[in-house]
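Here is a short report on one chain and the neighbours it touches. Keep the model open beside the text as you read.

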Amino acid sequence: MYPSRFKYESPKTIEAAVALLDAGKGDAKILAGGQSLVPMLKLRFAFPDQIVDINNIPGLDYHRFDADGSLHIGALCRHEDLEHSAEIAQRQPTIAAAAPLVADPIVRTRGTFVGSVCHADPQGDWAATMIALGGHLVVQGPKGKRTIDMKDFVLGPYANALNYNEIAIEAVIPAPKGVARGGYLKLERRVGDFATASVAVALDMDGNRVLRAGIALAGVGGKTIDANEEASALVGHDLTESIIDTVAAAVAAKAEPRTDHRGSSDYKRQIVKTFVKRILVAQIAEKVA
Amino acid sequence: MSLDEIKIGGLGASRRRVEDNRFIRGKGNYVDDIVLPGMLHMEILRSPVAHARIKSIDTSAAWDMPGVRLVLTGEMMAARNLAWMPTLSYDTAAVLATDKVRFQGQEVCAVIADDPYIAKDACAKIVVDYEILPPIVNPVQAAAEDAIQIRDDKAGQVGNKVFDWEIGDKARTDKAFEDADLVSKVEMHYPRTHPSPIECCGSIADFDRATGKLTFYVTSQAPHIVRAAVALVAELPEQQIRVVSPDIGGGFGNKVPVYPGYVISILASILTEKPVKWIEDKTGNLISTGFGRDVYLKGEMALRKDGKILGVRMNTISDHGAFFADAQPSKFKIGLMHSAFACYDIPTAHMFATGYYTNKAPGGVAYRCSFRVTEAMFFQERMVHAAADDLGMDQAEFRRVNFVKDDDFPHRTAFGFLTDSGQYEKCLNVGMEAIGYKDFAKEQEEARKRGKLLGIGISTMTEPLGAGNSREYDILGIKMFDSAELRVHMTGKAILRTGAKTQGQGHETTWAQIVAHELGIPAEDIVVEEGDTDTAPFGMGTYASRSTPVAGAAVSMAARKVRAKARKIAAHLLEVSEEDIEWELGRFYVRSNSDRGVTIQECAMAAYSNMPDGMEPGLENTAYYDPPNLTWPFAAYFCKVEIDPETGVWDVLQFVAVDDCGVRINPMIVEGQIMGGLTEAYAMANMQYQTYDEEGNCIGANYMDFLLPTAWETPGFELYEVVTPCPHHPIGAKGVGECATVAGPAAFVNAVVNALSHKGVRNIDMPLMPNRVYEALTTGKDVYGMPPVRSGN
Amino acid sequence: MSSLFEEIATPPADNIPVRRITVNVNGTDRTLDVEPRLLLADLLRQGLDLTGTHKGCDTTNCGACTVLVAGRPVKSCTMLAVQADGREVQTVEGLATPSELHPIQEGFKQEHGLQCGFCTPGMMLSAKALLERNPNPTEDEIRWALSGNLCRCTGYQNIVKAVLWAAEKMRAESN
């Protein structure tokens with residue numbers, strides 16, 4: 001399999017990249033990690049006129065916690081950087097749990113967090129994680145920067161809220177109130193499989209009390225499923241098995257899975273319910289301790 | 001003093017592999033690695049639909065592209081009588097479609113260009129106008145009275161049936177069922193799958209107009225058969241065809257057939273007078289080349305209360321896709337499923353088998369098995385499992401009661417095969433001990449109380465490996481023998497060539513070990529060559545675990561012929577008569593004085609420098625080996641699983657494999673074969689299946705959707721060995737390559753079904769994906785057939 | 001390639017843009033003109049005759065084409081050759097020195113970690129990246145790290161042993 005012809009530029013600045021996108025009038029495509037784009041080029045599912053490779057723009061490969069506790073992930077931060085980060089392991093459990101489950105270890109060396117969020121694959125891990133965490137994206141276009149809240153970002157399968165001439169340059173996860181807890185579970189038939197169902201849970205907690213709760217799902221709908229509203233039932237409560245059961249059932253009901261060769265819609269709801277419960281039960285304070 | 005056979009790398013030595021020296025350096029030489037001067041590149045345009053009449057093909061835009069040298073259509077092939085080719089089973093298969101396309105992925109056009117990128121671009125410029133026809137995607141649709149006929153190209157073809165075929169004693173079997181205390185019945189499906197070596201198929205055809213010689217590099221497990229096929233199909237003179245199978249990146253049966261791409265590349269080279277390389281992409285490989293399985297079974301077993309099996313009925317329906325390329329049962333006796341139940345002493349059996357054409361990929365290759373042996377043994381062990389459960393009898397005990405006993409050999413099976421050796425009960429005992437069988441029932445009971453689901457599965461079987469003999473087995477009339485040619489140089493080093501072709505089995509290492517065993521020449525002094533039809537003797541190739549049983553035997557026999565000549569030379573050198581000469585490994589000596597001797601190396605030197613009067617110089621010989629029977633290895637596999645009751649995900653807790661493949665030439669390599677085979681068994685049980693939607697779209701068209709297990713999912717395997725030498729093989733070896741793939745799947749499925757037996761579940765068809773296991777667990781009902789592809793919404 | 005002449009076979013019809021890149025491959029800078037759509041795997045195989053990098057699946061699953069780019073394993077069929085401009089690429093051909101095999105190569109041979117050899121180069125390079133980060137991995141860590149590389153022959157068990165063998169030898173050598 002071979003891509004069709006395209007023009008290629010590898011600008012050195014974000015501004016130059018934006019200018020190329022702008023000139024492309026929608027026929028230009030950003031190449032970051034390329035782990036979804038290049039296969040699509042080879043399968044000829046995508047045939048952009050112009051590829052804008054942002055890998056040579058310096059200073060985008062970071063992830064860092066700011067003094068206020070917010071986490072900032074640059075456009076060229078690879079999945080692997082998050083997987084092997086001691087700081088992430090310590091301070092951001094939802095991302096730490098999801099990172100090793102993204103695709104496979106080799107894809108993780110190349111693929112980017114921000115690129116995956118932008119790809120808006122209904123089965124993508126990071127869009128779900130970002131929604132659960134209540135994150136936002138910083139995007140840059142010809143008129144400068146703006147932010148897009150994750151809840152407004154994923155519009156449909158492979159469709160996001162970016163204009164054709166904008167680049168998502170950073171993902172931001174707000175500082176937790178209290179302690180960040182959470183997890184990520186994914187049912188896949190083998191490493192690198194598309195998810196049958198994935199669940200991202202992000203909690204801010206004070207002891208056993210939930211201060212903020214976010215849940216989002218992948219693989220169980222035409223787009224990433226935002227179940228933050230259902231998760232919010234946890235806020236202000238202590239984590240107990242009974243409230244967990246209620247929330248898990250509500251989240252499962254929020255899923256919109258289709259019956260396919262990975263399972264019936266009922267089965268996928270069952271997985272969602274089970275995974276929500278498993279992650280939440282593991283956060284009950286005495287279990288964490 | 002005799003040589004230490006292990007030290008010289010003889011029989012039983014876990015000799016490190018010779019071929020690894022190039023593979024670990026990235027210096028293997030696979031077809032795609034070969035570059036010839038002026039070489040062009042071919043890409044195939046495939047049908048996007050499963051069934052359609054071709055109304056027109058417009059290739060003009062493709063021809064107009066810079067760098068395009070040739071665009072071939074079915075019409076152009078037909079003009080040269082190459083639009084169709086024969087299959088293994090006397091059917092025909094389209095090379096490039098002329099009238100209709102009959103499956104998604106069928107070859108429609110080919111573009112030959114300066115590089116593969118351009119060839120691909122040009123394929124996208126070809127416009128084909130299809131008149132869509134209703135697709136038939138399973139045998140039920142194919143059998144319907146008003147079904148559209150897929151093979152309307154074949155004169156005399158009635159409907160979509162490929163064959164009806166039966167074997168066994170029907171009357172006697174019916175009587176056994178009348179006399180039975182209990183009849184155990186099962187219905188199941190062995191899903192379609194694909195062998196899927198990592199390397200796809202490919203070829204380079206290099207036709208030299210000046211000499212008239214065609215050199216053909218090809219990913220073939222059977223290069224000599226390819227030469228024969230090219231001679232017969234393309235009508236090129238056989239002496240002008242040189243077929244070379246270089247290193248092969250895995251075969252598993254996928255690289256036995258002759259594929260359209262090969263034939264097209266040959267014609268393309270003849271027309272362009274340039275070397276033409278065709279390398280299939282993974283989608284092409286998965287959707288168009290030989291699949292495995294896709295068989296439905298109705299099985300019945302007549303049982304006596306005490307556990308004795310009185311008779312077996314099997315009724316199978318197989319889905320062969322658009323062109324029938326399976327083995328023709330009248331020509332290839334193990335071609336259908338009647339090798340089943342060979343390890344059990346069963347008085348009578350009857351089988352009825354029907355095959356249908358469908359609008360799916362053609363073939364029906366033997367995926368790591370001898371044609372339909374995998375299905376036979378899977379059905380056998382699933383039927384045995386169900387029967388034991390129906391009787392309320394222990395799984396191991398039920399098998400023990402019905403096994404052919406050690407002193408009952410030779411044994412004629414209910415379907416007419418002759419098995420010759422085995423220690424079935426011993427293998428069973430070794431496995432039971434290793435897995436802790438006797439404690440399991442208690443363990444399972446306690447686990448259930450804690451809400452955990454444990455299961456144990458057994459699979460035991462003997463299978464026929466190593467076709468021929470030539471009386472009963474042939475391919476397109478060519479008898480199933482194999483060959484070896486051994487040439488000992490004057491310094492006592494040697495070159496060995498065989499008609500087989502290694503694809504990872506390690507022939508370059510093990511064949512030398514057989515020669516070392518026979519002649520005492522250290523294995524490292526022997527180079528092994530295969531795969532070049534200009535230099536290797538004619539052989540039928542490597543598949544169906546036949547290399548060691550047939551080609552390996554030929555190696556022994558060639559070496560023995562060489563030894564016989566060396567003995568005469570030794571008598572000459574030692575100045576005694578031949579009758580006074582004794583042999584020990586590597587050396588002849590005088591019977592009356594063992595100090596007086598000559599080594600095989602000294603004999604070799606003398607063969608070129610000091611041969612007896614009247615003797616031809618040189619020390620070499622060739623053997624063509626026609627085995628007196630198949631070899632019958634035995635496998636006893638035990639699998640212990642745990643199922644997550646909330647998700648249906650199952651994990652293998654322990655897997656014990658006891659294999660008796662007779663004498664092991666290289667234990668390390670044998671164990672490698674078994675572990676690889678078990679992994680494919682695990683894969684099929686769990687995820688590796690090929691399915692189609694109702695339009696005939698193949699759902700496993702790439703590795704995103706066609707799933708193969710990684711190192712992470714694949715369980716560890718514990719291997720045990722029992723040795724019952726094959727009575728007719730020169731060194732007592734039996735085939736082994738496919739045993740684990742054949743016997744393995746039932747062990748996994750039996751274990752999962754066992755874990756759910758208390759819920760009333762008797763069967764879950766493969767693949768045992770978590771959702772299917774969960775469905776069985778929660779409904780208490782069997783799960784049958786293929787997973788649904790997608791819902792209506 | 002002769003410097004004396006260059007035949008222009010078919011003049012490019014539509015001015016195919018070509019980019020000049022310099023890639024450090026196994027320690028040597030190589031400068032080539034490439035079409036942007038050329039995949040790194042094809043550059044290595046066809047452009048530089050380094051055919052030890054194999055193409056298996058085309059869809060970023062099998063890992064047969066794995067090479068190290070700046071020391072990290074990358075599926076070279078999923079990276080454009082132009083993206084390697086100015087970067088270091090290591091292929092299987094760069095593992096051994098003329099006189100000595102890399103311990104991972106030795107381990108694969110000693111523990112029978114390969115059969116057909118097709119996945120082997122990619123497996124070894126993934127293993128190398130693992131051992132550089134984690135010189136003393138457990139069996140599970142090895143299985144996890146190699147789960148982006150498919151093998152159809154071995155069942156992985158001996159591949160795991162091969163990596164353990166290499167890890168032990170490399171630890172002994174570094175002491």
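Two residues are in contact if their C-beta atoms, placed from the backbone, lie within 7 Å. By that rule, 24 residues of chain C are in contact with 22 residues of chain A. Strand S4 (72-75) and helix H4 (139-145) of chain C are the elements that give two or more residues to this side of chain C. S4(C) supplies the largest share, four residues. By class, the side of chain C that touches chain A holds nine nonpolar, 10 polar and five charged residues. Here Ala, Val, Leu, Ile, Met, Phe, Trp, Tyr, Cys and Pro count as nonpolar, Asp, Glu, Lys and Arg as charged, and the others, Gly among them, as polar. Helices (H or I, at least four residues) and strands (E, at least two) are DSSP runs, numbered from the N terminus.

This is a predicted model: local features need pLDDT of at least 70, side-chain atom pairs count only at pLDDT 80 or more, and totals for chains, interfaces and linings use all residues. Residues are numbered from 1 along each chain as its sequence is written, while chains are lettered from A and ligands numbered from 1 in the order in which they are written.

**Chain C as a whole**

Chain C has five helices and five strands. Along the sequence they follow the pattern β-β-α-β-β-β-α-α-α-α. The C-alpha atoms of chain C fill a box of roughly 55 × 35 × 25 Å, taken along the principal axes. Of the 175 residues in chain C, 61% are buried. A residue is buried if 20 or more other C-beta atoms lie within 10 Å of its own, exposed if 12 or fewer, and partly exposed in between. Take the contacts in chain C with a separation of 6 or more: 58% of them join residues 24 or more positions apart.

**Two domains**

The domain assignment gives chain C domain 1 (19-94) and domain 2 (103-174). Such bounds come from an automatic or database domain assignment. The domain centres, taken over C-alpha atoms, are 21 Å apart. Across the boundary, 16 residues of domain 1 of chain C are in contact with 12 residues of domain 2 of chain C. Strand S3 (66-69) and S4 of chain C each supply at least two residues of the domain 1 side. S3(C) gives the largest share, three residues. That side divides into seven nonpolar, eight polar and one charged residue.

Two strands pair if DSSP finds at least two bridges between them.

S3(C) and S4(C) form a hairpin with two residues between them. In the turn, Ala70(C) has a positive phi of about 50°.

**Contact with chain B**

Chain C also meets chain B: 43 residues of chain B are in contact with 46 residues of chain C. Helix H1 (20-23) and helix H17 (667-686) of chain B are the elements that give two or more residues to the chain B side. H17(B) gives the most, with seven residues. The chain B side has 18 nonpolar, 15 polar and 10 charged residues.
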